[in-house]
Amino acid sequence: MSCFVGLYDSFRACFNPRSIKSGRDVNKAYYMDFVQPQKPIKVTITGVAGQIGYALLPMIANGDMFGNREVIITGIDLNIEAVKQNMKGIMMELEDGYYPLLKAVKFETDPEIGFKGADVAILLGAFPRKQGMERKDLMEKNISIFKTMGTAIENNASKDIKILVVGNPANTNCLVCSKYAPSIPKKNFSALTRLDHNRAKGQISLKAGVQLNDVKDVIIWGNHSSTQYPDTTHATIQGKPVDQLISKSWLQKDFVSMIQTRGAAIINARKASSALSAARAITNHMHDWVCGTAIKGEVVSMAVYSDGTEGYNIKEGLMYSFPVTCPGNGTFEVKKGLPIDGFSAQKMKETEQELSEERDLANQILG
Ligand code: NAI
């Protein structure tokens, strides 16, 4: 094969005017454009020096997120000496970690530089809620951060960029970010509810004593907060409806509240918020969006822009978590037409109401 490519190159070079001027360069151009595999994916991660960043970087470098594609990672974090020193150490660890797919790793403190040419953005950096802080104060801090990020994405990133917002309140931060990057289609923005989705699948499989991949079609609706609705009414275990194996009262009460408060339970136990499982969920989310789900037609949960056509009576203009399928070409489809029972409809409205209030508060702050 390589001898045919070589022959073709020489033949092609004879007739290409560029080869007359620049000798062997035409071959390089040909290899770059046609022969070499796809170009590395440029991933920009904000808040990279935090605890999720530390768990996430090796997963991306190892190919867990984009399969066999090479990656160039740019981390963005605050311009603080301690953060810069920490990042220096993390970059040394990545160099030492033997990651053949990691082409380069850089660190920036200016988002206008960090988002240059980015194909994928993972936004971890957010202002944490401190004791005694009002919701409005927290929202003000985060709006300012996500306005800056949205503007930098608008000015610098690839127009096809895929954005995942993780920093809380993730859904509304994502909405704010999208507002300041108006040339990027709304369908390129998403917020993370995959951690809730994975938690729900995990707890169902433990309760039923089955393998994780025996559980299918669990859905997280709405906000990544304690109002989210983990819905098992469409879910199956080894092809059977979940409520044939697990009592409906457990599914509607204990299970729902366990998933809604799982993040707080982890903070209580660990004295720090979920990081390993968050990094894993981010990897799953991006992998499925860009490369497709492992099983064709598999339902996963993503918070995405509601345009009113989903058919679940959810207000337009929210970042609401829906069941989606990811065919593998960098797109997703909201799964439409699922029948919704009365209990679910009420839970879906509660979380919609909270998102609607968050959006109104954000708009009020933005003026
Ligand atoms: P962390 O506090 O360990 O790290 C946050 C990092 O962001 C820090 O390095 C900080 O310096 C940086 N940062 C803050 N403001 C920034 C800015 N304006 N620009 C760039 N960097 C900035 O937090 P951790 O544990 O890594 O979590 C990150 C976020 O993810 C938090 O908001 C957390 O609540 C959220 N989260 C969301 C989950 C979800 O399922 N949606 C799950 C788990 C966490």
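Two strands pair if DSSP finds at least two bridges between them. Keep that rule in mind on this tour of a predicted model.

**Stop 1: strands 12 and 13.** Select residues 300-305, which form strand 12, and then strand 13, residues 319-325. The two strands run antiparallel, and 6 bridges join them. Zoom in on Val300: its bridge partner in strand 13 is Val324.

Is strand 13 enclosed or open to the outside? Of its 7 residues, 6 are buried, so strand 13 is largely enclosed by the rest of the structure.

Stop 2: Next, show strands 7, 10 and 11. They form an open sheet of 3 strands in the order 7-10-11, with antiparallel pairing. Strand 7 (215-216) and strand 11 (240-241) are the edges, each pairing on one side only. Now select strand 10, residues 236-237: 2 bridges join it to strand 11. Ile237 has Lys240 of strand 11 as its bridge partner.

**Stop 3: the ligand.** Select the ligand and its surroundings. How many residues surround the ligand? There are 27, and the closest are Gly47, Gly50, Ile52, Gly125 and Ala126. Color the shell by class: 15 residues are nonpolar, 11 are polar and 1 is charged. Then highlight helix 4, residues 51-61, which gives the most to this shell, with 3 residues. Finally, color by domain. Domain 1 (41-191) and domain 2 (194-366) each supply at least three residues of the shell.

How values were computed. Residues numbered from 1 in each chain as written. Predicted model: local features only at pLDDT ≥ 70, side-chain atom pairs only at ≥ 80, totals over all residues. Near = placed C-beta within 6 Å. Helix = DSSP H or I, 4+ residues; strand = E, 2+ residues; numbered from the N terminus. Nonpolar A, V, L, I, M, F, W, Y, C, P; charged D, E, K, R; others polar. Domains from an automatic or database assignment. Buried ≥ 20, exposed ≤ 12 C-beta atoms within 10 Å, placed from the backbone.
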